Amino acid sequence: MSGIALQARAVQAELGGTEVLHGIDLALAAGRWTSIVGPNGAGKSTLLKVLAGLLPHRGEVRLFDQPLGQWSGRARAQALSWLGQGGASEGAADDLTVYDVAMLGRVPHQRWLAAPSGADRAAVECALRSTQAWDWRDRPLGQLSGGERQRVLLARALAVEAQLLLMDEPLANLDPPHQADWIATARALADAGRTVVSVLHELNAALAADALVVMTGGRIAHHGASGDEATHAALREVFDGRVVVHRIGQQWVALPH
Amino acid sequence: MTQTGGQRRRALMFGATLAALAALLLVVGAGIGSSGFDSVLAARDDAVAWQIVRDIRLPRTLGAWLAGALLGLAGALAQGLFRNPLADPYLLGSASGAGLGVAVALALFGASPAATHWVLRLGLTGAAFIGAVGAVLLTLALARGVQQTLRLLLAGVIVGVVLGAITDLLTIASADVLQALQGFMLGSTGLLGWDACAVMAACGALCLAAGWALAPVLDSLALGEATARSLGLPLGAMRAALIALLALATGAAVAQTGLIAFVGLASPHLVRSVVKTTHARLVLLSALMGGALLMAADLLARWLIAPQELPVGVVTAVLGGGYLLWLMHRRARSELR
């Protein structure tokens, strides 16, 4: 798929009465992996929520060139999968099994009250295997560690099999090997023509994306390819010159400094 | 199916066990009373014994099961809907609201809570339902949402106390109602007849079917509000439907048996301690558990100080209060670890 997957025009949003996004203009190319980075409080998560249609906002958001508001809830949920930060951390989902949690990703595809179809089961198995969570499918979420839990929630988001995946801090609590696995998954999805948007604190993972959106103070400071010198300059700028970007082998790495 | 076969089998076995327990308790319940188990044995030949069993003991025992099932169901719905393990019809104030609804209906129309005609029972159930809806909405408004456990519980307790006080005022103002309501407000299964059973069974069937249909919403909500919305679910409408169901289940139980505490709180917890499952099964199992609990409590209430009997609400309050304390103790310990 080519063209623009998600577009924001003059988007403003408030949290608790304070404006945290000030006129965002952004166009995210389809079939690419884009990372949103920036210091704490830059408005990254808020932007992701607005793009997913989960937060009231002013301005316009278009999903596959159609205003978000014109999508039915179900069609939008099939086209766009969203993974939030710590959604299940309150413990309300502790009694659901890993398999049941991943199966929730199939809700947008299922008829009301219908039993899961073969396609649903296949998607759930595929998603759980891709995050190495398949072996615990019968265990309740409450018995898992933070990182294991995150892999299950990731599988839930993958099980939607949406064209567009929005993920907020997908690497939270993941150990280095599983971070590398997640990067490979995101890369594979983009290579298969899906669009991936991830908010990341981990700059090295973010630099593995095709493009970076650098945010600060509720605005977009820069949007460019992750290998561009201008993008690296923008990173240095928003982090007060406290990071340097180097090339090591095939990948870019950002080091604190 | 192999994927979640373990938990599914466990849920099935547990459900069958609870149903068998209920059947056993029903037989025991038919045998407890002033004329003892002899009435059951003599029922085939003796018309009076048969009448005692058929018109007094069976509807009462079955009614206790139905009321317990309604409360267990309401508890499972409340805990899922508010994502709060301490939510229950009693603590949310909805039971007090239902009680007030009944008291208002009695004061206005001069009916008796012992009325046996099903139209009256349905009218009282309607009044209880309206009271329960009002109380839940009031609690939610005071707590400004469901996010904070402490706020929600405090608001529920406040609403419960205030509505309870208004009920008391009403009963003092009208001596007839006072007489009629006194036993009722303690929670009693002594007045249950077949008409009450019919009303509870109808409401229970409706709530169970609708609760089962809405259970996927509760599963999604467990992952957080935003995730549930990202799955394309019309949360507003479904929440309203779930609150209506919660109020109907509470109202139907309270209108027939008065205020019975803790069955709604304890049932889902007991189920979850045995089997980890989705809300569709949790709702069903909690209803079975609540039924068995209240039936057992009713037998205790009839048997403990026989030939006199305790109001069953007193029994559940003592047992349920102890359970709640134990639960708090266990949570505190697991948080320390």
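This is a predicted model: local features need pLDDT of at least 70, side-chain atom pairs count only at pLDDT 80 or more; totals for chains, interfaces and linings use all residues.
The contact takes 23 residues from chain B and 26 residues from chain A.

Chain B side of the contact with chain A
- With five residues, α8(B) supplies the largest share of the side of chain B that touches chain A.
- Sorted by class, the side of chain B that touches chain A holds eight nonpolar, ten polar and five charged residues.

Packing of α3(B) against α10(B)
- Helix α3 (residues 47-81) and helix α10 (residues 235-257), both of chain B, pack at an angle of about 155°, and their axes lie 9 Å apart.
- Because angles over 145 degrees count as roughly antiparallel, α3(B) and α10(B) are roughly antiparallel to each other, and their crossing is left-handed.
- Among the residues of α3(B) that meet α10(B) are G63(B), A67(B), L70(B) and L81(B), while the residues that α10(B) brings to this contact include R239(B), L242(B), A249(B) and T257(B).
- By class, the residues of the contact of α3(B) with α10(B) comprise 14 nonpolar, four polar and one charged.

Helix α12(B)
- Helix α12 of chain B (residues 279-303) has 25 residues and reaches 35 Å from its first C-alpha to its last, which is close to the 36 Å expected at 1.5 Å a residue.
- This helix, α12(B), is mostly covered, with 22 of its 25 residues buried.

Technical notes:
Residues are numbered from 1 along each chain as its sequence is written. Chains are lettered from A and ligands numbered from 1 in the order in which they are written. Helices (H or I, at least four residues) and strands (E, at least two) are DSSP runs, numbered from the N terminus. The expected span of a helix is 1.5 Å times one less than its number of residues. A residue is buried if 20 or more other C-beta atoms lie within 10 Å of its own, exposed if 12 or fewer, and partly exposed in between; C-beta atoms are placed from the backbone. Two residues are in contact if their C-beta atoms, placed from the backbone, lie within 7 Å. Ala, Val, Leu, Ile, Met, Phe, Trp, Tyr, Cys and Pro count as nonpolar, Asp, Glu, Lys and Arg as charged, and the others, Gly among them, as polar. Axes are lines fitted to C-alpha atoms, for helices over the stretch in contact, and angles run from 0 to 180 degrees between N-to-C directions. Angles under 35 degrees count as roughly parallel, over 145 as roughly antiparallel, 65 to 115 as roughly perpendicular and the rest as oblique. A crossing is left-handed if the near helix is turned anticlockwise from the far one by less than a right angle, and right-handed if clockwise.
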